[in-house]
Amino acid sequence: MKKIHIIISVALSLASCNKYLDVKPEKSLQVPQTVKDLQAILDNNTIMNNDYPGAGDIASDYYYLTDAEWARRDQVTRDDYTWFAQAENERDYLFNYTKILYANVVLNAIDDAELKGYKESDRANVKGSALFFRGFIHWYLTQVFTLPYNREHAATMLGMPLKTRADINEKTVRSSLETTYRQVLNDLTAAAALLPVNAITPTRPSKRAAYAALSRVYLTMDDFIHAGAYADSCLQLNDDLLDFNALDASLPAPIELFNKEVIFHATFYSGGALANVRTLVNPTLYESYVTGDLRKTVFYRSVENGYTFQGDYSGSVSGALFSGIANDELYLTLAECYARQGKDAEARDVLNRLLKMRISREVFIPIDETDAKTLLQIILKEREKELAFRGGLRWMDLRRLTKDADFNTTLQRNLDGKLYTLSPQDKRFAFLIPSIVVQETGIQQNER
Amino acid sequence: MKKIIYFLCLLCPCTAFAQSGSMFQIKGTIVAGHSQKPLADVTILDVTTGGSIKSDGNGQFTLSVKRADTAIIRFSAVDYEIQQLKLSPPFPDALLIQMDEKRVELEEVNVTTGYQEIPKERSTGSFEQVDHALFNRQISTDVLSRLDGLMAGVAFDKRNGTAMNFNIRGLSTITSRIAKPLIVVDNFPYEGDINNINPNDIESVTVLKDAAATSIWGARAGNGVMVIKTKAAKFNQPFHLSLNTNWTVTAKPDLFYTPQMSTADFVDTEVFLFEKGVYDSYLSNTRTWPIVSPVVELLDKNRKGDLSEAALQTALNNLKQQDIRNDINRYWYQNGVNRQYALDLSGGGQKVNYRMGLGYDDNASTLKRNGYQRLTLKTQNNFQINRALDAQVGIQYTESKRVLNNKGTTMINPATGYAIYPYARLVDDKGNPTELPHGFRKSFLDTVGNGRLLDWSYSPLKELDMADHYERLNDLLVNMNLRYTLSPNLHIEAKYQYEKQFLDSREHFSGETFYARDLINRFTVFDGETNRYNIPVGGVLDRSNGDLKSHSGRLQIDYNNTWAEKHEVAFIGGAEIRQTTNTSAATRSYGYDDDVLTSVPVDYVTLFPIVYGLASATTIPWNDSYSGSMNRFLSFYANGSYTYNRRYVLSASARRDASNLFGVETNRKWNPFWSVGGAWNLSAEDFYRISFLPYAKVRATYGYSGNVNNDIAGVTTIAYRPAASYNLLPYANLENVPNPDLRWEQVGQLNVGLELATKGNRLMLDIEYYRKKATDLIASVPADLTTGFRSLTMNSAILQTNGWDATLQANVLQGKLAWNSVLTGSVNKNKVVRYLKEQPTPANWVSTGTNLIPIEGQPAYSVVSYRWGGLDGQTGDPMGYVNGELSKDYVTLTRNATADDLVFHGSALPQYFGAWRNTLRYRGWSLSVNVTYKFDYYFRKETIMYAALLSNRPALGHGDYYQRWQQPGDEQLTTVPSLKYPADTRRDQFYANSAANVEKGDHIRLKDIQLSYLLPLSQKESSTARNLRFTYYVNNVGILWRANKSNFDPDFLSAPLPLTMSLGLTLDL
């Protein structure tokens, strides 16, 4: 009987020994608790820096597809290209809300995270980064899934579902466009206050990136004062430009990854429509570069039936194109904002500083246009020429200019003899919220 | 003395007797106990003298006994209990003997649960056993495939081409990774590769089906348990040697099974696409030089004027004659040959016994240059240390090598996702290996580098010859068992098992392989006249190893007692502790030289340009990775039964488990699993009078077991990864979102069984009904994309299964020609009774049934299609229904279909299945044939996908191409839509997933035939028979009947399991 007692006491001591069960089941698995863990979440480049929304670029006018090229693209790409009213962009939607989820997981935990050898400045950096991602991505989604911002109606227009907590059970509702923009501005402003001026790598957000993002957001709100101010603040911190005179246009990718103009690195997905090895630049756009404009050779390469793109800011030969933020965009934003505020001299100066680096020294003549409207016209045309194939930007410009009778355009596509058009007032400037989300959550679908 | 006898005679005047000398004659009548009818042919033996007689037709007999002595007389007859009488003088002169019919004593079968062995008679649960003979009926290298088609309720799902997927009584979980039954070898769950076990070492396999049988295994037993018992010797057993060898040939796979478009039509399609300009962007791409097929190259030459029209047509016509499948069949495949040798030695004395098994397998796969070798050694020793203490020590060692040189036909493909064109050839007319396009366009590779780069050509056959890839596995399993007898009724037992498995994988790409040459070329930089090799010239060596270690310990008390011959108690109770650790590491070396064993360091950090700018600058591929995991379990269990008067059995069992899984609250709650059961040996009752069914038993059980899913956690978890794509910093993936409510899956099961047997076990019926309810099933459910997830994994479904398992055994003939027939049948119908997620999108239900999509009220794996509306008579477009109206709006059809626009065909898994096995024996000959059947399920046929065919990298179309609609009127004859360019993916998807492509899967299959001959080597009967057995075995014979008209094997849509033939020889000495 004594033996049985022994057995029972052994068994009981095992039961109390919960320590035995506290060991981590998977070594690489971790419950995120430290600043290091949270930084690692945001350093997931595949999630946080790739697959920015691409539908707008597929729908943009800086390139075209031949009938055969269009025919062999996947259905989503074909639909986006022809502005098909029922086009579904699940991927753009999901992949970007995943970024927001990652940011929210970090924000949920960052205030209580253990430092474990890290500094409070690292905590501020991680928190600022997460806020940057959350704000920037919410804004990026508006460019695909909502109609262009309109100050008068923004309070009643449909915005994005806002996700500010990592809670899978939170009910999804669409906020107004005004609320969406306010949230975006809050996140980005808070991020700018927390982030260091420069990040150790352009895949991480920085104060410059937050300023640049704020400049973009205000530009889409037609708030040229703030857009200009943030662009200026950003350029005050760093106004480096690549000198195209010094680039070797014969290289397969003349512009390098992480070059000195890049503030924040990201790429977008285009379903193969925008493969730089085969996608042909819009001939009208190509013709608009003057002789001696180095972008003609740095950006484009001659093939049998036209010109393909090679000036990607990711330094890619084939693969996803850049959709991050670079200094050249800020020059153009600043120039436009000056022009819009009637500061023509400042506008010309900023524009010329950029063009000097883009046009061959032998032929460069500074812009001296004095007519305000023509000057604005020139700046916007330069924007089109400089930022073609740069993810998100052309579509953003097309959208914000729909409200401006002087500068809006009706887009046209010609396929198999059939003409497709997208006029400035068209509701299709907002792609459909993926129908499975609408069915799942009951949120309001965009009008058709 | 005489006086006394005389006196007796006077007392019994009616008895006629004759007396002669010292003998006395007893007369008597024998009748059957129940019927009171006289019994003939009863042997009446005078045990004292040895003399015997038989009763006559009236049951009467007269026996002479010695007058003076006490007589012992024994009465015996077939099917009756032996009776013995002790008569002392004075003898009665008349006897009336009642003979009782023999009780059917089922052969004492012990079933093993892995914790105890219990007599089947005393069990309340559902056990099914495959004994040694039945297990060895099939010939195979592995254990599991021998069990196919033998047991009711055990179904093998071979849709993926292997025999490794099986389930017991259908689904108990909807997460396929944890849907496997728990496999227990001897006493502990087996953590290693099940292929480590040599089937020649196996004594029996027991399947535990219901809750009473499985609940002792707690949280891991929800899918049922399979207990594999290995051979062990007995005490006091003479030396026994058995030698077994067999040889199996596996036929090459049938490459022509799936109907395909002809090469000629494929070439014409390429011509059509070329004219449409589909290849233009490839042909003009001089930056990344994508591959174009030879036909396109020819057409391009012709367009540029470098090739005359006549020459083009000749070339195209030549290509149209080819079919790559012929070359693949000849140069890529071979007949597989498996050789198996096994030696078995055993014996035992009074204090020690031993058993040793030695096995060697050598398999050559049907894929050339692939194979498998395995050496196994197993010993088992038992020691009787003293009266109270027994010890057992067993060691099992396995060493195997799997050669994986041939990665299949993907090696022939020009690029990932680009299937080889059908006119490719592996050898030229002279039989020399050909070069096929790979990586970059041939016209570029032919001119590139001016000799400065390594050869950049690709020849599949040469690559196959140079491939050098294998996995070595070592597994050591040590068992120790001590059993101490405290009293005859009480034992205490300690068990310990240690397992260590080491896996070492090595893939060597020598400097001559394309893989190494290609990498080196890409990373070559032309530096003036010299080359800078950022990846050094030489081979690439990938090594990885994985280490599994597990410790299991158990302490158990057994108590057995019987009182007053009526009360029987059996109890076990114990505690178990387990720890399994896995570690793995993978590394890569560049510039590796296999002759001198050297490698060269490389710079993994710098972004290097790719030669000629063929791709974006990138870092050298870095393949180092490490992983480690540790699982711990702690369990307490008890199991007891009480039997009254050998008629009524009550059983109960309980178990609690805890583990170290992340954040699952249940871990700490020690959730109990339990079962109760009862059995009634009806035929033992006095009132039981059904004479043709002398054995009858009913039993019923109810209880719970569980499923552990250690992939998901209840808290947010991240997984670290080594280097992010741009900044090369360590980064983390989000693996789990918080879900504090996460619970272990529970499976509750009710089981009711009836066992019947006729006299002499001529007919035996075992029939069971069960009802399983699996709750809290963890399933991946489609999520609101706004959460950032496409799907979320959570406790979300309740699955109910109703089923029947029945086995009918008949010894039809029992004479010289013996005929044994076994029919098993199972009904297994499951239904998702509740799904906690709202499902607003019926279109998402459309499925081929290979993935689980829970739909309330439907089977877990169901085939759901778009309702078919026929073909449009004018265009050949497929039509479906939207809100009951015919429609060709494929966007709406595929996106917004309502439940009414869909067809719910039924289960994708058979709901009725079983086997009918017949064995004939005559002298030494034995012939056994197993026919299996599966009924009541559906499958979806593959069909042509025009979008894949009409692409810039056309994939060879399905043979339905020839059935396509081509002109008005065809819609009466076919359902295959017309070819349309540009192809509409949604139109393809709609047709492929429409009801037009679903057929019934019902079929009857001749699974296997076994013929054997037993040649006795010794005449005299001894406890060990010496004999020689020859066996011939054919497996996967073919389908006898099928419901579908398309001639498909519904179990294998892409390629059926090939026929195998085996010859075996067993020598027992």
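Biologist: Let's start in chain B. Where does Glu565(B) lie?

Modeller: Glu565(B) sits in the loop between strand E27 (539-563) and strand E28 (567-593) of chain B. Helices (H or I, at least four residues) and strands (E, at least two) are DSSP runs, numbered from the N terminus. Before we go on: this is a predicted model, in which local features need pLDDT of at least 70, side-chain atom pairs count only at pLDDT 80 or more, and totals for chains, interfaces and linings use all residues. Residues are numbered from 1 along each chain as its sequence is written, chains are lettered from A and ligands numbered from 1 in the order in which they are written, and side-chain values use heavy atoms, with hydrogens and water left out.

Biologist: Thanks. How should I read its backbone, and what is phi of Glu565(B)?

Modeller: Most residues other than glycine have a negative phi, and most peptide bonds are trans. Glu565(B) has a phi near 55°, a positive value in a residue that is not glycine. Asn883(B) also has a positive phi, of about 50°, and is found in the loop between strand E41 (880-882) and strand E42 (885-887) of chain B.

Biologist: Are these residues buried or exposed: Glu565(B) and Asn883(B)?

Modeller: Buried means under 20% relative accessible area, exposed over 50%, and partly exposed in between (1.4 Å probe, protein chains only). Glu565(B) has 74% relative accessibility, so it counts as exposed. Asn883(B), at 58%, counts as exposed too.

Biologist: And which residues does a cis peptide bond join?

Modeller: A cis peptide bond links Tyr981(B) and Pro982(B), with omega about -10°. Pro982(B) is placed in the loop between helix H14 (946-949) and helix H15 (985-992) of chain B.

Biologist: Now the interface. How many residues of chain A are in contact with chain B?

Modeller: Contact means heavy atoms within 4.5 Å. By that rule, 84 residues of chain A are in contact with 87 residues of chain B. Buried area is the accessible area (1.4 Å probe) that two parts lose on being put together, summed over both. Chains A and B bury about 7200 Å² between them, 61% of it on carbon and sulfur atoms. Tyr20(A), Leu21(A) and Ile168(A) supply 11% of the area that chain A buries against chain B, more than any other three residues.

Biologist: How many salt bridges does the rule find across this interface?

Modeller: A salt bridge is a side-chain nitrogen of Lys or Arg within 4 Å of a carboxyl oxygen of Asp or Glu. The rule finds three across the interface of chain A and chain B. Asp79(A) forms a salt bridge with Arg986(B), where the closest N and O atoms are 2.8 Å apart. Helix H7 (residues 90-110) of chain A gives the largest share of the side of chain A that touches chain B, eight residues.

Biologist: What does Gln86(A) touch?

Modeller: Gln86(A) is in the loop between helix H6 (75-81) and H7 of chain A, and is partly exposed at a relative accessible area of 31%. Not counting residues up to four places away in sequence, Gln86(A) touches Leu432(A), Arg448(A), Val891(B) and Arg895(B).

Biologist: Which strands form the open sheet of three strands?

Modeller: Two strands pair if DSSP finds at least two bridges between them. The sheet has the order E1(A)-E34(B)-E35(B), with antiparallel pairing. E1 of chain A and strand E35 (731-736) of chain B stand at the edges, each with a single partner strand, so one side of each is left without a neighbour in the sheet. Strand E1 (residues 29-30) of chain A and strand E34 (residues 717-721) of chain B pair over two bridges. Gln30(A) has Ile718(B) as its bridge partner in E34(B), and Leu29(A) stands opposite Ala719(B).

Biologist: Why is strand E17 of chain B largely enclosed?

Modeller: Five of the six residues of strand E17 (residues 225-230) of chain B are buried, so the strand is largely enclosed by the rest of the structure. Strand E14 (residues 182-185) of chain B pairs with E17(B) in the parallel sense over four bridges. Strand E16 (residues 202-208) of chain B runs antiparallel to E17(B), joined by six bridges. Ile228(B) in E17(B) stands opposite Val185(B) and also opposite Val205(B).
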